[in-house]
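Could you walk me through this structure? I am new to it and would like a guided look.

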Amino acid sequence: MEEKSTILDFCKLLLKQVSSTFMESLKVLVLLLFFSMESFIILQNVEPVFHIVPFSVLLIHFISLAYISKTSPVYVVDFTCFKPPNYLRAPFSTYIEHATKLDFFDDKSVSFISKILQLSGLGDQTYFPPGLFYIPPRSGQKDAINEVHMVLFAVFEDLLSKTNISPEDIDILIVNCSGFCPSPSLSSIIVNKYALKEGVKSYTISGMGCSANSLAIDMARNIMKTHKNFNAVILSTEILSTGWYPGRERAFMILNCIFRMGGAAVLLSNKKEAKRDAKYKLLWTLRTQGAFDDKRYYSAYRDEDSSGITGVRLNGDVLQVAGDTLRSHIPVLGVRFLPLIEKLRFVASVLRYKTPKCSTEIYIPNFRTAFQHFCFPATGKSVVRETATRLKLGDRDMEPALMTLHRFGNQSSSSLWYELAYLEAKERVKKGDKVWQLGMGTGPKCNSVVMECIRPIFDEALIGPWADTINSYPVIIP
C-alpha cells in the first residue's frame, strides 16, 4: 500500500514538473512567434492593420494563461470544537479553595486571583485539564501529553466523523499550540496516531498566541494556491498543563486566571466537490506584524520572575498595544471590503485631520456595512470591549466573544471557532453573510480571516459545544 502511494506521489510530482516545463516553453514559443510576425510585417512593409494579428495572438495567450493559472477557491467545509467533560469544570469557588491550599500562594495572592476572576468576564462553567486539579498542580511532560491526547484526538475524530473523510484524504496538517512544543512534534503525534499518508504536508506552529489559528488558515490557503484538489486540517489548542505559573508575581499570575481548556479542528478544501457540502468560502486572509516595536514586543513575554520561575508576563499596556496593532491592520482590511462611500468618508476625515487647527477625530468606518458577524479574541472582557470600541461596534457585535469568554474562558486561538459555533447555534448566520475572524497574539501580530456563508446552516445547537447551554445565553456581564 505504501509502495503504491509513493509511486502515485512520484507520478504526480513528475506530471507537475512536465506541465510546468511545457508552460514555460509555450511562453517562449509564443514570444518568438510574436516577434517573428512583427519583424516580418515591419521588414515587408505590410499594411499597419496586420499588426493586429501578432498582438491578438499575444493577448489570447495571456488571457488563456491567466485562466489556466487561476487558483481554485478554498472552502471551509466544517469545524468542530472540544467540549470537555463536566468533571473538569472549574467554578470560582473550587479555584479559590485550591489556591488557598497551595503553599506558594499567600493571602495577597489569593485575594488578587479572586479579584481577577471577578473582573475577567469568565463564568462558573469553564474547564481545567486534569493535572491542574491536583494539589499542587501537576505540570509535567506526561500530564501535558495526556491533555494533548484528550483534546486533539477528540476534535480530530469528531471532524472526520462530521465531514465523512478518512485520515488518508488529508493532504495538509497544521497544528498550533503556543506554549507546549514537544518532540516529536504535535503534528507528528497526529500523523502517528491516525496513520496519515506518507506525503502529508505537516506543520506545527508555536509561540503565536491567540492569533495562531488565523495564521494557520492563511498558511494553508497559501499552500493551496499551488496545490489543487487538497484537503487541509487545522488543529488549534493551548495546553495548560505546562503553562501553570507557581509563583506570586502578579504580572505572571493573570494567565492562570483567564486561560481555560479547549480546542478546535477545521477542514479546508479546494476541491470542486467541496463546494456542495462546505459551510463557508474563504474570501481573504491578512497578517500584520508589530514585533518591530519594543513596547509591543514586550507587552506579553515569556520570562522568569525574580525567583527564577518561568511564566508569561503581561504588562499594563496590553490594551494600548492591542489598539495600536489593530490600528495598523484595519485600513488594509477596509480597503478590501468596505463600500466606496465608507472609504471616501475615511479618506476625507484623514485629510481634514491633517489640516491646521482641526479638532475633529479621524472617521472610523462602519464595518457593519462590510461584515455581518464578528469573532474577536476572547482574551478578556476589557480586550473585547476595547476592540469593539476601536471599531465603533455595539453589544450585539461583541456578544459572541463575551459569551464564549463567559462559558469557556480564554482558549487562545481556538476561541474564534467557539464564537462562530455560538452564532451558528443561535442560527444567525445566513447564506451570503460575511464573517470576520480577528486573531491578535503575542509578538504582537494581528491576523484576519474573512469568510462568506454559502449554504443555510441549521440545527448546530443540537451537536456543537453549546448544545447544553445555548438557551441560557446571552447573559449580562457587568
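This is a predicted model: local features need pLDDT of at least 70, side-chain atom pairs count only at pLDDT 80 or more; totals for chains, interfaces and linings use all residues.

Residues are numbered from 1 along each chain as its sequence is written, and side-chain values use heavy atoms, leaving out hydrogens and water.

Let us begin with the sheet. Nine strands form an open sheet with mixed pairing, in the order S3-S2-S4-S5-S1-S6-S11-S10-S9. Strands here are DSSP runs (E, at least two residues) and helices are runs of H or I with at least four residues, numbered from the N terminus; two strands pair if DSSP finds at least two bridges between them. At the edges, strand S3 (201-205) and strand S9 (373-375) each pair on one side only. S9 runs parallel to strand S10 (residues 434-441), joined by three bridges, and His 373 has Val 435 in S10 as its bridge partner.

Now look at helix H11 (residues 318-337), where you will find Ala 322. Ala 322 is buried, because its relative accessible area is 16% and buried means under 20%, exposed over 50%, and partly exposed in between (1.4 Å probe, protein chains only).

Finally, visit helix H1 (residues 2-43), which holds Val 28. Val 28 counts as partly exposed, at 47% relative accessibility.
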